[in-house]
Amino acid sequence: MSKNISKKLRGEIENLKGKKCFYCGAKRGRDKFNSPPPLDHYIARINGGKSTIDNLYPACPKCNNSKHSLTIEEWVRKLWTKTAKHEK
């Protein structure tokens, strides 16, 4: 989760990495509760990832929730598997 990340760090990440989801390119914005858009830990905190500018990326809620604590490789494999099942 990215709720405890400072506004300053959020701003730096947005300026450096943009306002779109790093993974799918979707536009990000505040949700219906006016919460800031999610940031994803590229290396999940549970796997030792830190809340630093080089490990945080803008993410849409769908990608952020889907990736969860998976590595990029695991997540992409999961997506490919889902896609392959739907194409059969």
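How many disulfides does a search of the whole structure find? The search finds zero disulfides, where a disulfide is a pair of cysteine sulfur atoms within 2.5 Å. Cys24 is in no disulfide, and the nearest cysteine sulfur to its own, that of Cys60, is 3.8 Å away. Cys60 is likewise in no disulfide, with the sulfur of Cys63 as the nearest one at 3.6 Å. Cys24 counts as partly exposed because its relative accessibility is 47%, whereas Cys60, at 8%, counts as buried; buried means under 20% relative accessible area, exposed over 50%, and partly exposed in between, with a 1.4 Å probe and protein chains only.

This is a predicted model, in which local features need pLDDT of at least 70 and side-chain atom pairs count only at pLDDT 80 or more, while totals for chains, interfaces and linings use all residues. Residues are numbered from 1 along each chain as its sequence is written, and side-chain values use heavy atoms, with hydrogens and water left out.

The protein has three helices and two strands, and along the sequence they follow the pattern α-β-β-α-α; helices (H or I, at least four residues) and strands (E, at least two) are DSSP runs, numbered from the N terminus. Of the 88 residues in the protein, 31% are buried. Among contacts with a separation of 6 or more, 52% join residues 24 or more positions apart, contact meaning heavy atoms within 4.5 Å.

We can begin with helix H1, which covers residues 7–17 and in which Leu9, Arg10 and Ile13 are buried. Seen down the axis of H1, the buried residues fall within an arc of 105°, so they line one face of the helix; the arc is that of the directions from the helix axis to the C-beta atoms. An α-helix has 3.6 residues a turn, so residues three or four places apart point the same way. The face of H1 turned away from this buried side carries the exposed residues Lys7, Lys8 and Asn15, while the buried residues pack against strand S1 (39–41) and strand S2 (56–58). After H1 comes Gly18, whose phi is positive, near 90°.

Strand S1 also holds Asp40, which counts as buried because its relative accessibility is 2%. The side chains of Asp40 and Lys67 are joined by a polar contact of 3.2 Å, that is, a pair of N or O atoms within 3.5 Å, of which, within protein, one must be able to donate a hydrogen and the other to accept it, residues adjacent in sequence counting only if both atoms are side-chain atoms.

The largest nonpolar core has seven residues, namely Cys21, Tyr23, Ala59, Cys60, Cys63, Ile72 and Trp75; such a core is a set of buried Ala, Val, Leu, Ile, Met, Phe, Trp, Tyr and Cys residues joined through side-chain atoms within 4.5 Å. Apart from this core lies another, of five residues, among them Ile5, Leu9, Leu39 and Leu56. In soluble globular proteins, nonpolar side chains tend to be buried together.

Cys63, which lies in helix H2 (residues 61–67), counts as buried because its relative accessibility is 9%. Leaving aside neighbours within four places in sequence, Cys63 is in contact with Cys21, Tyr23, Cys24 and Trp75. Cys63 and Cys21 are 42 residues apart in sequence and 8.0 Å apart in space, C-alpha to C-alpha.
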